[in-house]
Amino acid sequence: MTGKEKAQRNKEELVKLLDEGYSTKEACKKLGVSRKTMDGYKRDLGLPTETADKKQKAFQLLSEGKTYQLVSEELSISITTAWKYANELGKSVSKTQKAKDSVGQRYKMLVCTSLVERDAGKKQRALFDCDCGTKNHEASLSSVKSGQKSCGCMKGKPKHGLSGTKTYNCWNKMRERTKPGFYNAKDYFERGIVIEDSRWDDYLNFLKDMGERPKGLTLERINNDKGYYKENCKWATRKEQQANRRCSKRPSNKPK
Ligand SMILES: [Zn+2]
């Protein structure tokens, strides 16, 4: 089957799924396509895209006076996007609000944990936890937002195998996916899909076990119902990963 034929078949299948009451997210899983591909299908079919849906939902929540933090979590969009939507609605987002919203956000290796009381005329400073284990590192919020990567632990270290590499990003994404606060936690944390090897809290152990990520491959769990540990993980193509997903039976695949 050519790519074109496959897309055509997927689109027909999508119309059926939506008719049957599947959500867009569930349809993505059923068809094994990314949300971006899904948006493309929907555009071609003249259906409202996920982005349009989200924007509308965001407008509604913001009009109800919901916080940017909540809008960001609810719709799994970044805080910056939530601010952008607010601006489009005619709400200006103050600097103070922006600073407040940064608490809990991740910037490269740093997660903002709290704000430091601001001296008049000085830059807003905040406390951060760094992936290296350093807690309460104080830094200016704006320099972290504009690119400061770590608490300083990465300064002068070779790039190889560390922050910013594809393998590192994979490890970081895996950690985010398995947290209870992840937007799709029902497919991970709530199903017991967690990092089962505490050695993997340290990126270097992960790197030692899995090796550098080969180009074009992603981290896959061999048994989809088990968590992340060396024996259950391999680098696989996206195709293999999707085949694995399709085989797995999930309650969320059933229409409500
Ligand atoms: Zn650090």
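The coordinates are a predicted model, in which local features need pLDDT of at least 70, side-chain atom pairs count only at pLDDT 80 or more, and totals for chains, interfaces and linings use all residues. Residues are numbered from 1 along each chain as its sequence is written.

Starting with the big picture, the C-alpha trace of the protein chain spans about 60 × 50 × 30 Å along its principal axes. Its secondary structure comes to 11 helices and six strands, taken as DSSP runs (H or I over at least four residues for helices, E over at least two for strands) and numbered from the N terminus. The protein chain is divided into domain 1 (3-47), domain 2 (95-156) and domain 3 (166-253), with bounds that come from an automatic or database domain assignment. Between the centres of domain 1 and domain 3, taken over C-alpha atoms, there are 25 Å. Of the 256 residues in the protein chain, 15% are buried; that label takes 20 or more other C-beta atoms within 10 Å of a residue's own, while 12 or fewer makes it exposed and anything in between partly exposed, with C-beta atoms placed from the backbone. As for contacts (C-beta atoms, placed from the backbone, within 7 Å), 33% of those between residues at least 6 apart in sequence join residues at least 24 apart.

Now for the helix pairs. Two packed helices are described by the angle between their axes and the distance between the axes. Here, axes are lines fitted to C-alpha atoms, for helices over the stretch in contact, and angles run from 0 to 180 degrees between N-to-C directions. Helix α1 (residues 3-19) packs with helix α2 (residues 24-31) at an angle of about 140°, their axes being 10 Å apart. The two are therefore oblique to each other, given that angles under 35 degrees count as roughly parallel, over 145 as roughly antiparallel, 65 to 115 as roughly perpendicular and the rest as oblique. On the α1 side, Asn10, Glu13, Leu14, Leu17 and Leu18 meet Ala27, Lys30 and Leu31 of α2. Sorted by class, this contact has five nonpolar, one polar and two charged residues, where Ala, Val, Leu, Ile, Met, Phe, Trp, Tyr, Cys and Pro count as nonpolar, Asp, Glu, Lys and Arg as charged, and the others, Gly among them, as polar.

Helix α4 (residues 50-63) and α6 also have axes 10 Å apart, but pack at an angle of about 75°. That makes α4 and α6 roughly perpendicular to each other. Lys55, Ala58, Phe59 and Leu62 in α4 meet Ala82, Tyr85 and Ala86 in α6. By class, there are six nonpolar residues, no polar ones and one charged residue in this contact.

On to the backbone. Most residues other than glycine have a negative phi. Serine 76, however, has a positive phi near 45°. It is found in the loop between α5 (68-75) and α6 (79-88) and is partly exposed, with 13 other C-beta atoms within 10 Å. Asparagine 136 has a positive phi too, of about 50°. This residue lies in the loop between β3 (125-130) and β4 (137-140), and with 11 C-beta neighbours inside 10 Å it counts as exposed.

Finally, methionine 174 is found in helix α9 (residues 166-177). It has 19 other C-beta atoms within 10 Å and is partly exposed. Leaving aside residues up to four places away in sequence, methionine 174 touches Ile195, Leu219 and Tyr228.

Technical notes. Two residues are in contact if their C-beta atoms, placed from the backbone, lie within 7 Å.
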